[in-house]
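Subject: Structure handover

Hello,

Here is the structure I said I would pass on. My notes on what turned up in it follow below.

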Amino acid sequence: MNVKNSLKLLVVLSLLAFSTAVAAQPVSSFHVFVEKQASNYFFSVQGENVASTRVEVLGLNGRPIFDSGWILGQTVAWPLMTLNGQPAANGVYLYAISVRDQQGKEQRKLGKLAIVQGLKLLLSTPDVDDLVQVQPMASGAQWKERLAKDGQDNFRILRNGAALLTLDSSSRLTVAQLCLAGDCRNVWPAGGGPTLAWLLSGNAGTTAGTNFLGTTDNVALELKVNSQRALRIEPGSTPNLIEGFSGNFAGAGVVGAAIGGGGANGTNNRVLDDFSTIGGGLNNQAGDGNGSTADHELATVGGGAGNQATGNNSTVGGGLGNTASGGFSTIPGGMFNTALGDFSFAAGRRAKANNQGSFVWADNSVDADFASTADNQFLIRASKVGIGTTTPGYKLDVNGVGRFQGLEGGASSGAGVEIQYGNVGGATRGIVFAFDRSAGAPRDLLLNHPGGNVGIGTTSPSAGLTVRDVNPSALNFVFRIEDSTGAQLFAVDDIGRAGTKSGFTVGAFAPATTTHVCRTTAPPSGPGILAECSSAAEYVPTVEDSNGYPETGDLVRVLPSVKNPFGDKHSPFVVTKTSKPCDSDLLGFLLKPELGADGPKLNEHYRPLAIFGYFPAKVTMENGTIKRGDPITSSSKPGYGMKATQACKIIGYALEDADREGTIQIFAHLSESAAPEVTALRAQVQELHQQLQQVLSQLDAIKAKVGSTPIK
């Protein structure tokens, strides 16, 4: 038998048995499976609460080869292509698989794989002329058949001289009986028998309900094009219909799902709740995938890219990066819009209908969010709005008389405010009439026509706002604001003096903001002014544990499962002292109470938390002496920090050296420190490079041996 050598791609995979967490403590373990199918690698994970997956492939030089980004689900495909669109070369690669759970916590595992050239053996077979020379087997053997060829080039398989099968020179095959799926016949009807497949040219004599395309067992039916899945029909009380990219899918247990098409590698479409629909596009999601498959059902995404309809009966027509998460919420299209509230509507660019029953339209005049702030608001961001005109010239341009009725408080008729133009003082002016809601008596309020001025106490205003004293011969207030008792809060008198009840002061602001009012240094041209300045601290609610209440300089952690007991919506959490190294719930460190902070302070247990800037914090030498610039994380001593020597969350960086336990200046900067892991990764790359050289040497030896030795 001849041996024919042919090179083929041989894939050798070896998984590294180590992993590292990068963003938070692992919330659950997971397993990694890597499978080669056709021209793709499929990276799959199995674990509890895995919501999304990311795969990164790097060369041994640390250069990124492939990055899928975060993909909902547990499977990522790599088509062996690099980021610049070139086929991946043979060699050893690193890969990192990261997963996130529903709370956004992450876990990562690393591995390596090697792609090298291998061997495949192709065995030749003797031709028919050789076979016809083979003699029948000896008497008593189990088989006595032989292959024969006559003078008309008809080939036969014979048994005891009788033909079992004949292939004639006209390509016709003759057998005694033909068996299909256990149905054996010597004569088959035209168009096929009861177990024959559907014909390419169609079938006649079919019976609806009896003849059908499909399956009779509880498995999905798939149609493929060019060996790639194009349509998948999944069984269920209401079957799922999934078309387009082979990675499109319906979540486990989902019924009545429909995906019309679209999807691509790394940007698949997915339906995660019952009776939800995606028309097409890329990276779209219908349903939220949390809880049961019926809690956010009947969601619809028409198309576009990166859109999500995750509320029950929610709809996104298309566009880019839109999210309708409220029940019965709607986004017709546009870009980066959000309909968060139930029965909300958002459209345009970066419109945010965050509240129940809100309607938000945002135009393209600015690249910024435009968001609702309360339930049942109707908000419009537009350069110009026209009513009764197609060419508005102003922010709101109404062609016609405007009237705002206010029939509250028992009034039976009449307008609260009516806007029109008319003759006042012998001149045509724009007028706003204000009516008393009970008696219908007009009040003094005048707004002049466009280009004019506003007058209070005068029919001939000389400035944008003119307030005229009714009795200029006496010392009177021209402008005055009073409280509910009639006491003066602010006033301007006839000679231009202005003042408040208790002088100009800056008091507490409500609701709390992230800025303060500060007095600036006097510029050369005049006195100092009041201006906004950013805060450096925020009040946080502290609670007591076995280590007591947190104090000044203590490092604190947020308690994930404990709510604020005081009903504080601004700070719905509580903090306590840290008590373990590299605490993933580390939040920062506390300042002196007398420094003050932004936000509400409901009781004496609210303490200032450093946001930015440099302040004193407690440290210990648990991880060695501290140098300026060292990252600082939590230690095992309650409330104390230490030098971070591994990847973990840090409160900031040391601004002075320390060789004993105490307090040092820290630059507040809550972040992640991963520098030690980079060194470890470089060592691993070097080790992989050495392993690759060994594998390549072994393969060269195998090739040399196989190429010179016949295989029998």
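Asp-168 is buried, with a relative accessible area of 16%. In this predicted model, the side chain of Asp-168 takes part in a salt bridge with Arg-172, and the closest N and O atoms are 2.9 Å apart. Arg-172 is itself exposed, at a relative accessible area of 53%. The cut-offs matter for Asp-168: a residue counts as buried under 20% and as exposed over 50%.

Other salt bridges

The search of the whole structure gives 19 salt bridges. As background, side chains of opposite charge can pair when their charged atoms come close.

One of the bridges is between Asp-583 and Arg-557, with an N to O distance of 2.5 Å. Asp-583 is in the loop between strand 52 and strand 53, while Arg-557 is in strand 51 (residues 555-563), so this pair ties together parts 26 residues apart in sequence. Both partners fall under the 20% limit for buried residues: Asp-583 has 0% relative accessibility, and Arg-557 has a relative accessible area of 15%.

Arg-660 and Asp-659 form another bridge, with their closest N and O atoms 3.5 Å apart. Here Arg-660 is exposed at 60% relative accessibility, and Asp-659 is exposed at 51%.

There is also a network of salt bridges, which links Arg-54, Glu-56, Asp-67 and Arg-108. Glu-56 belongs to strand 5 (residues 52-58) and is buried, with a relative accessible area of 17%. The side chains of Glu-56 and Arg-108 are joined by a polar contact of 3.0 Å. What else does Glu-56 contact, leaving aside its neighbours within four places in sequence? Besides Arg-108, the residues in contact with Glu-56 are Phe-66, Asp-67, Leu-94, Tyr-95, Ala-96 and Ser-98.

The disulfide

The structure holds one disulfide. Cys-582 and Cys-648 form it, with their sulfur atoms 2.2 Å apart. Cys-582 lies in the loop between strand 52 (573-577) and strand 53 (586-589), and Cys-648 lies in strand 58 (residues 648-654), so the link ties together parts that are 66 residues apart in sequence. The loop between strand 52 and strand 53 also holds Asp-583. The link of Cys-582 and Cys-648 is left-handed, with -50° about the S-S bond. Cys-582 and Cys-648 are both buried.

The chain as a whole

How many helices and strands does the chain have? There are two helices and 59 strands. The chain has 712 residues, and 31% of them are buried. Taking contacts between residues at least 6 apart in sequence, 32% join residues at least 24 apart. The chain exposes about 41,200 Å², and carbon and sulfur atoms supply 55% of that area.

Regards

How values were computed: Residues are numbered from 1 along each chain as its sequence is written. This is a predicted model: local features need pLDDT of at least 70, side-chain atom pairs count only at pLDDT 80 or more; totals for chains, interfaces and linings use all residues. Side-chain values use heavy atoms; hydrogens and water are left out. Helices (H or I, at least four residues) and strands (E, at least two) are DSSP runs, numbered from the N terminus. Buried means under 20% relative accessible area, exposed over 50%, partly exposed in between (1.4 Å probe, protein chains only). A polar contact is a pair of N or O atoms within 3.5 Å; within protein, one must be able to donate a hydrogen and the other to accept it, and residues adjacent in sequence count only if both atoms are side-chain atoms. Contact means heavy atoms within 4.5 Å. Accessible areas come from the Shrake-Rupley method with a 1.4 Å probe; for residues, only the protein chains shown count as cover. A disulfide is a pair of cysteine sulfur atoms within 2.5 Å. A salt bridge is a side-chain nitrogen of Lys or Arg within 4 Å of a carboxyl oxygen of Asp or Glu.
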